[in-house]
Structure formats: C-alpha cells, structure tokens
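Notebook open, model loaded. I'm jotting things down as I look them up.

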Amino acid sequence: MTESATTAISHSRSSIPSLSIAEMRYFVEVYDARNFSRAARRLHMSQPPLSQAIIALEKRLEVLLFERSTREVVPTAASDAIYDEVSSILQRIERIPALAHREVGNKDSRVIRLGAITSAFTALLPAILKEGLPFDVNATDLPSAKIVEEIVNGRLDVGLIRETPQQSVDSEILLRERLFVALPESHPLTEHEDLSVEEIANLPIVLFDRHRASAAFDSIVGSFRIADVSARPVAYVGSEQAAIGLVRAGLGLAIVPEIVTWAPWIDIVFRPIRDPSISYPLRIVTALKDPSCLQDTIRAVSARAFSQFNATETTQ
C-alpha cells in the first residue's frame with residue numbers, strides 16, 4: 001500500500017465523529033426526560049453545561065438531535081435512529097467492572113440488579129431465591145413503568161412486571177397466574193372450593209386503581225364484563241397488600257393473583273376463580289436482546305418454584 005493510500009485511510013478514519021461516555025449519557029438522559037432541566041437533575045449537574053454539550057454533539061455529528069421549544073424537547077428521527085444503540089453501549093460499559101472481577105471457573109460472580117413489583121416480594125421472589133440463582137441479586141420493589149424505565153436507562157438488569165411495556169425492551173410472559181378471591185375467614189363463601197365471577201357479582205369488592213395498577217384493573221374488570229355482571233367497588237388500592245388489609249378489615253372481598261396466595265395471611269381465605277380462561281400475566285423484561293442472558297435462567301428457576309408450590313398445595 002502506498003504512502004498516499006495509507007494517509008487517505010487514516011484521514012478517513014479520523015474524520016468519523018466519536019462520542020464520549022459522558023456525551024452518550026447526556027444524550028440518553030435528555031432523550032428519556034424530554035426536558036433539559038429534568039435530565040440535568042438526573043445527571044446531578046446544572047442545565048447550561050448539559051445544553052452546551054448537546055449542542056456541541058449535534059455540531060460534531062452534523063445532525064439535529066432534538067427539536068427545542070419553551071415547553072418540551074422532542075427527539076428527531078436522528079435521535080430515534082441511534083437511541084437503542086447508544087443505550088446498549090452504555091449498558092455494556094456498566095457491566096465491565098463485574099466482568100473484570102468475575103471469578104475464573106463455572107461460578108458466576110455477577111450481581112444482577114432486579115426490579116420487581118411489590119406483590120412479587122411477598123412470596124414469588126423469596127421462592128425463586130430459595131430455588132437458587134447462579135448469581136447474587138440486588139432487588140428493588142418498584143412500579144412496572146419505573147422498572148422498564150430503569151432497564152432502558154441501564155440502572156436495572158431485569159424486571160418482573162405486570163403491564164405490557166411501552167418502551168423498547170425485551171419482554172416475555174414468565175407466568176400466567178390464576179386469579180383468586182380473597183375473603184375474610186368468617187365469610188360464608190369460604191365454604192366453596194372455588195367461585196365464579198357471577199357468585200361474587202354485586203358483593204362489595206376492593207379494586208385496584210386504574211392509574212396505579214392498570215393491568216390488574218383491566219384483568220379483573222374485564223372478567224366481570226365477560227360474565228356480563230357488574231362489580232361493586234368500595235375502595236381502590238395500588239397494591240395487593242393494601243387490598244388484603246382492607247379485606248381483613250371487613251370492607252369487602254378482593255381478587256388477587258395466585259402468587260399472593262403463597263404467603264401466609266392471618267384471617268384470610270383464598271378461593272380460585274372457577275373460569276380457567278381468566279389469568280393474569282407476570283412478565284420478565286430485560287434490555288433489548290437480553291445482553292446479560294437472564295431470561296432463560298430466571299424463567300427456569302421460576303418454573304421450578306411455581307411447580308414446587310403447586311405440588312405442596314396438592315399434597316395438603
């Protein structure tokens with residue numbers, strides 16, 4: 001290769017704009033927040049340096065990344081095109097320390113950051129941990145939408161959620177749970193082995209709040225609509241624990257997913273809803289393409305925990 005050809009190749013490579021890690025973080029935070037002030041707070045910096053850094057990045061890339069107005073910041077098509085790739089790069093960078101300290105051999109010394117809805121902490125997550133995962137877990141309870149946001153931003157590795165995610169993540173149904181009616185121990189319906197939706201129609205019921213637990217609300221109310229009967233809500237809550245508390249207080253009954261029945265509850269009796277077509281999905285979510293290869297592992301361990309519990313129930 002001639003000297004002139006070598007010089008031309010070197011010049012071509014050096015002319016390709018590069019992004020620093022800081023610039024990638026700035027870009028992702030502004031993209032997610034749709035607001036420079038909010039993004040700056042998340043980055044623990046003031047707004048002017050962040051705005052200047054984005055302007056400098058746009059000049060170097062020779063594209064407009066965000067449309068600015070007094071009310072909002074709107075990502076352009078160029079931002080949409082690079083967002084997933086930049087997010088993926090940041091997630092891989094954050095895993096470098098764990099990879100560097102991984103022990104030699106078969107033992108996986110990673111610490112996986114897991115976010116889960118509150119109901120999973122009642123019995124499912126302890127059962128999963130008891131079955132044994134090949135890595136340590138740092139667990140946090142969060143709402144479904146927040147879990148997805150944290151995964152997209154690279155602050156969580158995996159999540160257990162109810163709602164269908166609205167952002168770009170990998171999502172699969174981990175379990176389809178039966179729905180159960182939670183009743184005070186003294187309630188006459190506890191004499192039944194199972195219950196139909198028609199049998200609890202027009203009884204006082206504690207429902208999930210549509211804004212805080214949309215998947216639960218839609219699943220329960222949908223089952224009443226399918227049966228062509230009406231629910232009689234007396235309270236709206238955001239968690240299964242709150243619903244059980246109001247049932248214990250005698251305010252009404254509640255419909256909860258199966259994993260809630262795994263935990264011991266004082267003065268509460270659970271009866272399954274008879275219709276087997278009525279179920280409630282629990283989803284596992286990770287970053288796109290599951291970079292840490294977590295879905296298969298957690299799915300297998302969850303299946304063992306689920307079957308172990310059902311086997312225990314059958315023998316009782």
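Is strand β10 mostly covered or mostly open? I checked its five residues, 268-272, and four of them are buried, so I'd call it mostly covered going by the under 20% relative accessible area cut-off. I'm keeping in mind that this is a predicted model.

Next I looked for a partner of β10. Strand β6, residues 170-184, pairs with β10 in the antiparallel sense, over five bridges. Within that pairing I found Pro 184 opposite Ile 268 of β10.

Then I went to helix α2. I listed its buried residues: Glu 23, Met 24, Phe 27, Val 28, Glu 29, Val 30, Tyr 31, Asp 32 and Ala 33. What do they pack against? I found the helices α3 (36-42), α4 (47-61), α5 (77-94) and α9 (144-152), plus the strands β1 (66-68) and β2 (73-75). Just past the end of α2, I noted Arg 34 with a positive phi of about 55°.

Last stop, the largest pocket. I have its volume down as about 450 Å³. I count 25 lining residues for it, with Pro 143, Ser 144, Ala 145, Glu 163 and Arg 212 nearest the centre. Two or more lining residues come from each of α7 (118-122), α9 and α11 (214-226). Which element gives the largest share of the lining? That is α9, with three residues. Sorting the lining by class, I get 12 nonpolar, nine polar and four charged residues.

Definitions and conventions. Residues are numbered from 1 along each chain as its sequence is written. This is a predicted model: local features need pLDDT of at least 70, side-chain atom pairs count only at pLDDT 80 or more; totals for chains, interfaces and linings use all residues. Side-chain values use heavy atoms; hydrogens and water are left out. Buried means under 20% relative accessible area, exposed over 50%, partly exposed in between (1.4 Å probe, protein chains only). Helices (H or I, at least four residues) and strands (E, at least two) are DSSP runs, numbered from the N terminus. Contact means heavy atoms within 4.5 Å. Two strands pair if DSSP finds at least two bridges between them. On a 1 Å grid over the protein atoms alone, a cavity is a set of points where a 1.4 Å probe fits but cannot get out, and a pocket is an open set with protein on both sides within 12 Å along at least five of seven lines; lining residues have an atom within 4 Å of a point. Grid points are joined across faces, edges and corners, and a volume is the space filled by probe spheres set on the points. Ala, Val, Leu, Ile, Met, Phe, Trp, Tyr, Cys and Pro count as nonpolar, Asp, Glu, Lys and Arg as charged, and the others, Gly among them, as polar.
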